[in-house]
Amino acid sequence: MFGDWRARQRKRNVLSSAGPPSMRSLISGLHWLAWRDPKRRAQNLLRFAEVEADGGRDLVRAAEVTRDATLRKLFLKHALDEARHADLFRGRGLALIRALPPGAAGGVQADWLTPGERGLDDLRVEQEGDAALLAFLHLSEKSAARDFANYIAVLDADPSTKTVFEKVLHDETFHMTYTRRELSRVAPRAAGWRLWAARGRRFWKAYLRLASALAGVLGAVVLTAQYFLILPLFALAAKRSARREGVGWTAVAPERNGGLERQY
């Protein structure tokens with residue numbers, strides 16, 4: 001009973017960290033739009049499964065390289081949780097795909113509305129210390145727990161998917177708690193600085209993802225503009241030049257009929 005109360009309290013803390021009620025209402029509306037389409041919902045779940053599985057592999061590697069026995073045990077448990085989450089997301093995603101009618105049209109991808117968890121976000125585990133890994137994991141788990149709580153709030157129409165997120169959220173809150181606790185143990189005097197450094201790295205990676213997506217959009221816009229605005233001008237000039245060309249053979253000046261003594 002006490003454990004259930006603590007789990008509910010952690011969930012309330014996660015929800016309260018999402019911001020004021022007006023902001024949470026706006027975010028809930030965006031998430032509802034992102035999750036209402038069944039095919040897009042299945043695609044999101046399968047993408048989450050890939051990320052969770054990749055994070056589990058990174059955590060196994062982190063358990064191998066750490067010299068801290070407590071962290072080794074926690075990292076391995078965390079890795080097992082990530083593998084189980086991957087199975088849950090993959091199973092539910094495949095079930096949604098099988099339930100789709102033949103030829104169902106999919107919605108537009110909206111990954112930025114459903115970021116999910118990013119785990120170690122392609123960090124080189126061997127090059128990171130225990131404190132850096134714990135700080136990065138703590139922020140990732142905290143962000144994922146907040147996002148999953150928001151998804152639960154808009155999935156009343158899909159109880160099975162909602163149940164999957166509720167199971168995963170229970171583990172995410174534990175991951176968020178243990179990483180913060182262990183960070184304070186491993187680096188008691190530098191825990192706050194480690195968290196700020198991890199925030200900076202996550203911000204930089206988010207900026208790179210946004211810049212890459214923006215570059216793709218701008219490239220598509222420029223190429224489309226060239227195709228519809230500039231290419232027709234060249235086509236028009238080619239047609240005008242073709243109309244000036246005579247029909248049939250064209251007489252060549254006598255001086256051009258000499259022997260081939262040079263290339264031009």
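**Asp81**

I started at the Asp81 side chain, which makes a polar contact with the side chain of Arg84 at 3.1 Å. For a polar contact I take a pair of N or O atoms within 3.5 Å; within protein, one must be able to donate a hydrogen and the other to accept it, and residues adjacent in sequence count only if both atoms are side-chain atoms. This is a predicted model, so local features need pLDDT of at least 70 and side-chain atom pairs pLDDT 80 or more, while totals for chains, interfaces and linings use all residues. Numbering runs from 1 along each chain as its sequence is written, and side-chain values use heavy atoms, without hydrogens or water.

Asp81 sits in helix H4, residues 69-99 (helices are DSSP runs of H or I, at least four residues, numbered from the N terminus). Buried or exposed, I wondered about Asp81? Asp81 counts as buried because its relative accessibility is 7% (buried is under 20% relative accessible area with a 1.4 Å probe, protein chains only). Leaving out residues up to four places away in sequence, Asp81 touches Asp171 and His175 (contact means heavy atoms within 4.5 Å).

**Asp68**

Next I looked at Asp68, in the loop between H3 and H4. Asp68 counts as buried because its relative accessibility is 18%. A polar atom of the Asp68 side chain lies 3.1 Å from the backbone nitrogen of Leu71. Beyond four places in sequence, Asp68 touches Asp130, Arg185 and Val186.

**Confidence**

Last, I checked pLDDT, the predictor's confidence in each residue, from 0 to 100. The protein has a mean of 79, and 76% of its residues reach 70 or more. Confidence is highest in H4, at a mean of 94, and lowest in H1 (residues 2-16), at 46. Over residues 105-110 pLDDT stays under 50, and the model has 11 contacts beyond four places in sequence for them.

Key. Helices (H or I, at least four residues) and strands (E, at least two) are DSSP runs, numbered from the N terminus. Buried means under 20% relative accessible area, exposed over 50%, partly exposed in between (1.4 Å probe, protein chains only).
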